[in-house]
Every structure is written in structure tokens, then in C-alpha cells.
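Notebook open, structure up on the screen. I'll jot things down as I look them up.

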Amino acid sequence: MWGMIATWRMAVEGITKGAQMLKNGGDAGDAIESAIREVEDFPYYKSVGYGGLPNEEMEVEMDAAFMDGNTLDIGAVAAIRDFANPVSIARRLSHEKVNSLLVAEGAEKFAHKEGFERKNMLTDRAKAHYRKRIKEMSAQAASQKLKPYSGHDTVGMACLDMTGKMTAATSTSGLFMKKKGRVGDSPISGSGFYADSKKGAASATGLGEDLMKGCISYEIVRLMGEGMHPQKACETAVARLDAELKERRGEAGDLSLIAMNPKGEWGVATNIEGFSFAVVTEALEPTVYLVTRQEDGLCTYEKASDEWMENYMKTRMAPI
Ligand code: SD4
């Protein structure tokens, strides 16, 4: 058995490529890296890699991570600028015994020395989004300033290859208009991602500040390790964290999770409307699903229609 599951519709081209590799006996590390690079390279996705939206100071600062579920090796970069493929730098760092999570200038120095491709990640389109947002913000009363967070598309994936190896990886430009130096859940082990080939792998998208309060990717892998099906594990962890946050703080940010176990069974859960995901296994061609959350925290999903798929691309590419 082999398979891949990923957050958001935007991952479907990547996992299609990854599936080709897995089908031919490819490695879960290679497949997930190539799948995420595909998303990083596509200029119209606003929260990942090239074309990602900038921070308050109009700089694109990116977070990414990679985890090998056999060895439990973890590599990550945070607040890194001007490199084309943060996920590959993260994977390279996962081979280091120490210094495997590097931030900002330190991460950039490492990437430069190792010969990773430099690229100005700030596109004209991202600048236009930035200027538009600045205008909107100055038009608002100080008391109702826009929150920095609007829409989110971090890519997070879980992958299983034929040998039973599992991996997890993430890549994001984080929250639009974030403070310089702000780091979300995506490069943080256990929060944005976790992989253990004995139990399963999971990854998150949503409001990093809240996802980190529950170490939610680790929690899902832990529940799968106790024998829970990935779907139940995702629903349980999301419902619990959502409830705890609401009880203690009056509100919960967006929490959306995907997971897969070593049998290739998978699951998803969310506390928002409009979460989509992409999945492929030996038994299922690459498919995009839309998730609906029920009152009781259970989540159902249905295949995205052709019309929805077309609309998605149209909105991504529409003039700003
Ligand atoms: C973060 N979890 O930096 C990320 C944001 C996200 O799509 O999911 N964006 O908090």
C-alpha cells in the first residue's frame, strides 16, 4: 500500500506527481518533497513559496518542515527569505544531528552554503495584494482594524510508501501581514506536522497560534498509535482542541488537519467551512474533496465538482 494526503485543493498536482513516484516503488521522502516543491513553485498560491503573501514589512518570510517517520529525523526552517524551495532545505537539515531547525539569517546562510536556489519570492501580484490591504486597513476605524489573518492555504502533507515508510512535510509563507519574525505551527514538530511510521503521519493548516496550543499533529498520531482510525483521530483531536479553546478563551482559530496511517487509511477534520484536501492511494486516483463539519464535530466530505475546481483556479488567477 502507498498513499498521500494533503491540505487544500492546490496540492492535487503535487500529489499526482508524488503518486507516480510511489507507484514505481519511490521513497516517501522523495515523493513528499517533490509534491511540496510543485506547490511552492506555482505563483498563484498566496500562502506557499513563490507568490506567497508578505509580512507587514513587505517581505516574504517562509516556514517549512520535513519529518522522516522511520528515523524520526526532523528538519525545519522558519522566517527564511529568498529561497525557492524551503521544503528541500528543511529536508536537508533533517539529516543533521544538531542545528536541524534554523531561523531567518542563519537558515539563509546555511541554504546559501549548501547551494540551494536563491529566488526573489515577492511577486508583483503579491505586492498588489499588499498595497490593497494597506489601503483597506487605513480606511478602517482603529477599533476594527483588519486582522492579519484572512484565508489560508498552507500546504501540509502525509505520505506512505510501499516499504511502510511514512513522512510529513509542510511549507508556508504564514499569515499575510504577520509581524517580521513571526513563526507559526508549520515548522514546529508536533504542531504543524508529525510522522511515525509505526503509527501514522499528520499535518495542519489554520491559525498557527491556536494549532500550537494543542500540539495537534502529534496528538492525532498518538491517537492513531492507540488504534484509532485516522478519521476518528482527526475528528477527536480537532473537536477537543476547539472545545478547550472556546471554553478557556471564548474563541478558537481555524484548525484543519489531515492524516494517514501505515495501512494507507486516511482522515481529515476541520472546525471551519470551506476546507478542501487532496488524496491519492493505490486504490484511489488523485481526488479533491470538500469537507463539511457537522454540529457534533464529525466531518463528512464530498468530491469537488468540475465547476468548483474551475472556479478555484479562476479566483486564484483573477485580477486583484
Ligand atoms: C501559520 N498555519 O503560519 C499557518 C498558516 C496557514 O495557510 O495555515 N496558512 O499559522
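Which helix is R37 found in? I find R37 in helix α2, residues 28–41 (helices are DSSP runs of H or I, at least four residues; strands are runs of E, at least two; both are numbered from the N terminus).

Ground rules first. This is a predicted model, where local features need pLDDT of at least 70, side-chain atom pairs count only at pLDDT 80 or more, and totals for chains, interfaces and linings use all residues. Residues are numbered from 1 along each chain as its sequence is written, and side-chain values use heavy atoms, with hydrogens and water left out.

**R37.** I get 30% relative accessibility, so R37 is partly exposed (buried is under 20% relative accessible area, exposed over 50%, partly exposed in between; 1.4 Å probe, protein chains only). Leaving out residues up to four places away in sequence, R37 touches N85, V87 and S88 (contact is heavy atoms within 4.5 Å). The C-alpha atoms of R37 and V87 are 7.0 Å apart, though 50 residues separate them along the chain.

**Cysteines.** I looked for disulfides (cysteine sulfur pairs within 2.5 Å) and the count is zero. C299 is in no disulfide either; the nearest cysteine sulfur, that of C234, sits 8.7 Å off. C159 is buried at 0% relative accessibility, and C299 is buried at 6%.

**Sheet.** I traced an open, antiparallel sheet of four strands in the order β7-β8-β9-β10 (strands pair if DSSP finds at least two bridges between them). The edge strands, each pairing on one side only, are β7 (193–196) and β10 (266–270).
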